[in-house]
Amino acid sequence: MNKQILGCNIDFRSYETAEKALEKEIGNDLLLLAVSEKTGVEPSAIQNWVKRGYVENAKGKKYSREQVAQIILLNNLKNALALDEAAELLAAVKKKTGASSVDILGVLTSSLIRALRFNSTDRDSLKSVINIELRNSEINDSVSDFLLIAALSSLCGEYRRLAQREAKSL
């Protein structure tokens, strides 16, 4: 597996928490092109997601950390789910738990980093790691199944990228 997780251009492993990574890499707000560079999502796709209501409108043409986290989560989830399903699932989890996208992304990145460090990427091991990370967070345990889906989606995306690199070398 490569150094990056979640298929974006933010090296979460270099920071203590996902929130600190977003704070350092994003600051307070980013323009569309910078969001695209950080998330790996094309500007036209981000604009489409805004139009469809999956992401809030930029304020003054700038996207907040919360919006960037939401874009990263949606992009990650679409490795395994249809985009409308991913957006619906994320919105439902946020509504049910009151957690922000930044909070959810924090537990997800911590879980993935721990799971990859200990080569614990099967379903049951991921579930255990997620539950450990949830105990260390302020997020409600009811988000556990969503985080498992997101973690599996992330791994799916990483394996897809590896397969594409191999195919190019043939």
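**Core and pockets in a predicted model**

Tutor: In this predicted model, F12 is in contact with I5, L6, A18, A21, L22, I72, L105, T109 and I113, once its neighbours within four places in sequence are left aside.

Student: OK, and which residues touch the most other members of the largest nonpolar core?

Tutor: Those are F12 and L22, and the core to which they belong has 53 residues. At least two residues of this core come from each of α1, α2 (32-39), α3 (43-51), α4, α5 (83-97), α6, α7 (123-135) and α8.

Student: Which helix supplies the largest share of this core?

Tutor: That is α6, from which nine residues of the core come.

Student: Switching to pockets, how much space lies in the largest one?

Tutor: The largest pocket holds about 420 Å³ of space. Its lining is made up of 18 residues, and the closest to the pocket's centre are D103, V107, N136, S137 and E138.

Student: And which elements give two or more residues to that lining?

Tutor: They are α1 (18-26) and α6 (101-117), and α6 gives the most, with five residues.

Student: How do the lining residues divide by type?

Tutor: In the largest pocket there are five nonpolar, eight polar and five charged residues in the lining.

Student: What about the second largest pocket, what's its volume?

Tutor: Its volume is about 150 Å³, and the residues that line it include L6, G7, N75, N76, R160 and R161. Two or more lining residues come from each of α4 (65-77) and α8 (144-168), and the lining as a whole divides into two nonpolar, five polar and four charged residues.

Note on methods. Residues numbered from 1 in each chain as written. Predicted model: local features only at pLDDT ≥ 70, side-chain atom pairs only at ≥ 80, totals over all residues. Heavy atoms only, no water. 1 Å grid on protein atoms, 1.4 Å probe; cavity = no way out; pocket = protein on both sides within 12 Å on 5 of 7 lines; lining within 4 Å. Points joined across faces, edges and corners; volume = space filled by probe spheres on them. Helix = DSSP H or I, 4+ residues; strand = E, 2+ residues; numbered from the N terminus. Nonpolar A, V, L, I, M, F, W, Y, C, P; charged D, E, K, R; others polar. Core = buried A, V, L, I, M, F, W, Y, C linked by side-chain atoms within 4.5 Å. Buried < 20%, exposed > 50% of the residue type's maximum accessible area, 1.4 Å probe, protein only. Contact = heavy atoms within 4.5 Å.
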